[in-house]
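Let's take a walk through a protein chain together. Have a look at the sequence and the 3D picture below, and keep both handy while you read.

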Amino acid sequence: MIATDSDREGEAIARLIINLSGNSRKTIKRLWINSLETSEIKKGFQNLKDGQAFYSTYKEAETRQIADWLVGINLTRLYTLYMQKNGMRGVFSVGRVQTPTLFLIYQRNEEIKHFVSKPFYELYATFTHSNGKYKGKYKERFDTLENLDKGKVYGCSGYKDGCKFTLPKRWSQKALTKKNVQDLLSKRETSLIKGFKSKKGSNFSAKLTLNDEMKLAFEFPKK
């Protein structure tokens with residue numbers, strides 16, 4: 001019976017002992033528990049699992065051991081000899097996890113060292129819906145106010161969750177101001193806007209409204 005820690009390393013320790021003692025052909029039962037409470041230990045012994053079901057866990061740990069050996073022992077010796085040949089002293093350790101992690105730390109330190117603070121602009125809007133209001137932020141940052149205004153639409157900050165809501169920056173050949181957009185999001189309508197153009201080229205004035213389906217529509221002044 002194997003009763004080591006319930007993880008890859010615990011499985012590997014037990015299997016190595018079993019293999020070295022010549023008992024690998026015997027039936028194996030596994031105590032698999034996640035608590036050292038007396039009641040849980042008793043329950044675990046009453047429900048011993050088939051050891052074969054955890055063989056893959058042992059092979060995962062064994063694969064990691066082999067990778068550690070291949071990378072660690074061989075590359076440590078290679079790099080040590082290479083560095084010593086070029087005039088450096090000491091042993092230069094290389095590890096499967098250690099070396100990539102060390103490089104990530106080095107990269108981050110270099111980014112911090114060469115960081116240059118720059119101003120940026122973010123676009124926020126207040127959205128109103130049947131359950132209340134919430135403040136959303138556009139996904140991108142902008143270096144200048146001019147760049148902020150270059151896009152064709154304002155987008156929803158919840159785009160990663162599937163939100164596809166947008167508001168155009170121009171409507172019927174009329175540029176919408178930030179005040180227009182804020183009014184649409186907070187009040188669902190704008191004040192009267194002059195300068196819209198019809199498909200035939202005629203100028204007209206109207207309010208813009210945002211309906212329950214979050215679509216824009218015109219509201220014309222009453223005659």
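Here is a short tour, from the overall outline down to single residues.

## Before we start

This is a predicted model, where local features need pLDDT of at least 70, side-chain atom pairs count only at pLDDT 80 or more, and totals for chains, interfaces and linings use all residues. Residues are numbered from 1 along each chain as its sequence is written, and side-chain values use heavy atoms, with hydrogens and water left out.

## The overall outline

How many helices and strands does the chain have? The secondary structure comes to six helices and 11 strands. Both are DSSP runs numbered from the N terminus: helices are H or I with at least four residues, and strands are E with at least two.

Now for the outline. The C-alpha trace spans about 100 × 65 × 35 Å along its principal axes. The chain has a radius of gyration of 33 Å, while a compact globule of 223 residues would have one near 17 Å. (The radius of gyration is taken over C-alpha atoms, and the globule rule is 2.2 Å times the number of residues to the power 0.38.)

Of the 223 residues, 23% count as buried. Buried means under 20% relative accessible area, exposed means over 50%, and partly exposed is in between, using a 1.4 Å probe and protein chains only. As for contacts, which means heavy atoms within 4.5 Å, take those in the chain with a separation of 6 or more: residues 24 or more positions apart account for 34% of them.

## The nonpolar core

In soluble globular proteins, nonpolar side chains tend to be buried together. A nonpolar core is a set of buried Ala, Val, Leu, Ile, Met, Phe, Trp, Tyr and Cys residues joined through side-chain atoms within 4.5 Å. The largest one here has 13 residues, and F165, L167, L185, L208 and L210 are those with the most contacts inside it.

Which elements supply at least two residues each? They are β3 (124-129), α6 (178-187), β9 (193-197) and β10 (203-210). Helix α6 gives the most to this core, with three residues.

## Where two helices cross

Next, look at helix α1 (residues 8-20) and helix α3 (residues 55-85): their axes come within 8 Å and cross at roughly 90°. Axes are lines fitted to C-alpha atoms, for helices over the stretch in contact, and angles run from 0 to 180 degrees between N-to-C directions. Under 35 degrees counts as roughly parallel, over 145 as roughly antiparallel, 65 to 115 as roughly perpendicular and the rest as oblique. So α1 and α3 are roughly perpendicular to each other.

On the α1 side you'll find R8, E9, E11, A12, R15, L16 and N19, which meet Y55, T57, Y58, E60, A61, R64 and Q65 in α3. These residues divide into five nonpolar, three polar and six charged. Here Ala, Val, Leu, Ile, Met, Phe, Trp, Tyr, Cys and Pro count as nonpolar, Asp, Glu, Lys and Arg as charged, and the others, Gly among them, as polar.

Is E11 buried or exposed? E11 is buried, with a relative accessible area of 0%. Leaving aside neighbours within four places in sequence, its contacts include R30, W32 and F54. Over in α3, T80 is buried too, at 9%, and it touches G90, V91 and F92, not counting residues up to four places away in sequence.

Most residues other than glycine have a negative phi. S172, though not a glycine, has a positive phi near 50°, and Q173 has a positive one of about 65°. S172 sits in the loop between β7 (170-171) and β8 (174-175), and Q173 lies in the loop between β7 and β8. S172 is partly exposed at 26%, whereas Q173 is exposed at 53%.

Finally, some distances to find on screen. F120, in the loop between α4 (98-113) and β3, has its C-alpha atom 58 Å from that of T38. F120 is partly exposed at 39% relative accessibility and touches R141 and F142, not counting residues up to four places away in sequence.

P221 lies in the segment after β11 (216-219).
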